[in-house]
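Reader: I'd like to learn how to read a structure like this one. Could you walk me through it, starting with the overall picture?

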Amino acid sequence: MPLINVIPGEKIPVAPMNVRLPAWRMPGWLLVFWWLARGLVRLTVVAVRYWWLTGPAVAALWVHARYGWLVLAAVVLVVIAACVGWWRWHPASWLRFGWYPMVARCRRLWVYRRGWASTMATCGLATAFAGDRYVPQLLKVRCDRYVDEVTVRMLPGQLPDDWAGAAQRLAYAFRLRDGQARSAKRPDRVILRFLRRDPLAATVASLPVPDLPDFAALLLGVREDGRTYRLRLAGTHVLVAGATNSGKGSVLWSLIASLAGGVRSGLVELWVFDPKGGMELAAGLPLFARFSYEDPDGMAGVLEEAVKRMRLRAARLRGVARQHTPSPDDPLIVLVVDELAALTAYISDRKVKERIKDALSLLLSQGRAVGVHVVAALQDPRKEVLPFRDLFPTRIGLRLTEPEQCDLVLGDGARDRGALCDQIPESAAGVGYVALDGVRDPVRVRFSYLTDADIRDLGRTYRRLCDSDQQPEVSA
Ligand SMILES: Nc1ncnc2c1ncn2[C@@H]1O[C@H](COP(=O)(O)OP(=O)(O)OP(=O)(O)O)[C@@H](O)[C@H]1O
């Protein structure tokens, strides 16, 4: 036993005065009265909180007591007929103001409220303090056709990231498949999104092609919330990463289709590289200003030509404008590369590899402002395969094989914030996660799928307007 105890730290001072409250004896009848009063107050609170249940129930009881069964049945029929009439007359407003709010109330009560405290405890989101247990407060439930959106007041000390880490567990606890957590406007709240039905389950057919592409918002697919997904190409380069058969081709084709109107009017030049032998992209030949496949030397030459064009343009714009504006005389150049690793990693000729690496890093670091953009697809996002991954400001993550790859593609912490690229099923080709401007958390999208017939049609309708002797340059 030590002779003296030394405890480091601050000692909590003893209160200068201790007050002991006197103990009162309560008569039994007063206790009973107190319990009854408390029960009545609680019942009233529940009745007011669930007015949408208690109100109609009281009204039905009153009608029954006053007028009998027949009148009650007639009233119920009239209410049902009114709802059906509203639905037939204006389905959108019925769903928004009638049906979904009703579904939300029922799901709040039946799915979320019922096992809330125990779920919070088992998912590690409840806490204990001074002998009392605390659970986060369920504030609001909103439903639409596909998603339940649950707003929660977090406990002090919790972050939306804590909830993002537990979102999948929560989803399964509430018997749903997919869950995400997002920060809300107020810093003490978090919004949980649980998927009831996948809005991206069906293939998205090819989308309308605008005559004049909006380079700040190219229409490429559909978002999880049902809105269209638009990609900002102006001022950026785009990297599309995905395992084999994840649908990288559909992202490239959606992008080419969205630019096709500009190809026809001469506002856009597509320089296309298909190092895997030209199988994927050759069908769009009438749209391309340059098309290179197979021969690494030829591809290095075309990339160096792009660097030359970029430098000439930069010299012309220096001191005149800070951002290039596309015109038929000076079009936007978009370099589309299918399988970038075939250019950066899988080439055996070291000299050609160096030439490609130099040209690509120049294009990626200097091309954005002068209207030379790189859009590249890639299977393996590791740094050894793509050394200049960080030079792509815009990245799209399709199905990936390992969880760590999600952060490699979409940035640190992306997987925790909901980009579950490794959990996209093989059957969902063309589904991926993207970052939206001004939105912290990644958003799930499905890109449009162009069939062979769509691509042939696109080539026919939007082929480049050029002299018949000015055919696309093909290097193989
Ligand atoms: N957006 C999409 N919607 C529905 N199905 C799609 C979509 N994209 C691709 N698919 C389906 O997935 C298959 C593979 O697509 P794709 O060739 O684009 O994949 P990939 O990632 O480019 O494959 P690879 O790496 O082998 O080239 C297609 O044949 C098509 O059936």
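**Overall dimensions**

Author: Gladly! Start with the radius of gyration: the protein has 31 Å, whereas a compact globule of 476 residues would have a value near 23 Å. Keep in mind that this is a predicted model. Along the principal axes, the C-alpha atoms fill a box of roughly 105 × 90 × 45 Å.

Reader: What does the secondary structure come to?

Author: The protein has 12 helices and 17 strands.

Reader: And what percentage of the residues is buried?

Author: Burial is read by counting neighbours: a residue is buried if 20 or more other C-beta atoms lie within 10 Å of its own. Here, buried residues make up 33% of the 476.

Reader: How do I read contacts by their separation in sequence?

Author: Take the contacts between residues at least 6 apart in sequence; of these, 66% join residues at least 24 apart.

Reader: Is Arg175 buried or exposed?

Author: Exposed, because Arg175 has 10 C-beta neighbours inside 10 Å, and the cut-off for exposed is 12 or fewer.

Reader: Where is Glu339 found?

Author: Glu339 lies in the loop between β12 (332–337) and α9 (341–344). Glu339 also has a positive phi, about 60 degrees, without being a glycine. With 19 other C-beta atoms within 10 Å, Glu339 is partly exposed, since buried needs 20 or more.

How values were computed:
Residues numbered from 1 in each chain as written. Predicted model: local features only at pLDDT ≥ 70, side-chain atom pairs only at ≥ 80, totals over all residues. Helix = DSSP H or I, 4+ residues; strand = E, 2+ residues; numbered from the N terminus. Rg over C-alpha atoms; globule rule 2.2 N^0.38 Å. Contact = placed C-beta atoms within 7 Å.
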